[in-house]
Amino acid sequence: MRNLLTLIALVIASSPLFAQYTMTGADFPAVGTSYMYMGLDTTGIVEGMGGNAQTWDFSTATPNGFNLTIDVIDPATHPDGSNFPTATHCYNYSSNTYQFFSIAPDTMKLVGDLSIVNTPIPYSMAPTLFAFPLNFNDIQQDTMYSDYNGGAVGPARRFGNYNTIFDGDGTVN
């Protein structure tokens, strides 16, 4: 009987396991990448369950006309890049708004924004958007804070919270 239990244990231990997706800093677009964001009207679509290896059906969604091209540029090439010395990536949205990120193997932080009138807003309390590796069911929360010169409106303050829940991975149809 002992040999049978040992054999069963070895068979179970050598059986293939189903792996969960783990997100890392390498999953984000590199400097020099461009991609398209397309807004969709999802009226009547239920997003479905969270979980590992899910398939979500958005095949009946229709474009709503909101499209953005996002160019990932080197922050050093942006005229205001020196205001964000820890930034490794600058996201240039087609509306000419910019966000500056620090992406490392272990974290992704939002280090600053440019306001709609190109006022630099560096965060003295830069929120960690993702701590890597990010695994299924991880919950992350962080705060952001900045006191900055709001130009014609004078001193300004921006603050808030970021909440991230990695509740599913899979395929979107």
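## Aromatic rings

Rings of Phe, Tyr and Trp (for Trp, its six-membered ring) count as a pair if their centres lie within 6.5 Å, and a pair is called stacked if the planes are under 30 degrees apart, edge-to-face if they are over 60 degrees apart, and tilted otherwise. The structure shown is a predicted model, in which local features need a pLDDT of at least 70 and side-chain atom pairs count only at pLDDT 80 or more, while totals for chains, interfaces and linings use all residues. Residues are numbered from 1 along each chain as its sequence is written, and side-chain values use heavy atoms, with hydrogens and water left out.

By the ring rule there are 7 aromatic pairs. One of them is the tilted pair of F28 and F132, with 5.9 Å from centre to centre and 50 degrees between the planes. This pair links distant parts of the chain, since F28 sits in the loop between β1 (22-23) and β2 (34-41) and F132 in the loop between β9 and β10 (134-135), 104 residues apart. Ring pairs also join F28, F130 and F132 into a cluster.

## Overall fold

The protein chain has 1 helix and 13 strands, where helices (H or I, at least four residues) and strands (E, at least two) are DSSP runs numbered from the N terminus. Of its 173 residues, 32% count as buried, which means under 20% relative accessible area, with exposed meaning over 50% and partly exposed in between (1.4 Å probe, protein chains only). F132 is buried, with a relative accessible area of 10%.

## Nonpolar cores

A nonpolar core is a set of buried Ala, Val, Leu, Ile, Met, Phe, Trp, Tyr and Cys residues joined through side-chain atoms within 4.5 Å. The largest nonpolar core has 21 residues, and those with the most contacts inside it are F28, Y91, F101, M108, F130 and F132. At least two residues of this core come from each of β4 (62-73), β5 (89-93), β6 (97-103), β7 (107-114), β9 (128-131) and β11 (139-149), and β4 supplies the largest share, 3 residues. Apart from this core lies another, of 7 residues, including C90, F100, V111 and L114.

Contact means heavy atoms within 4.5 Å. Leaving aside residues up to four places away in sequence, Y91 touches F28, P29, Y35, I70, D71, V72, T97, Y98, Q99, F101, I103 and M108.
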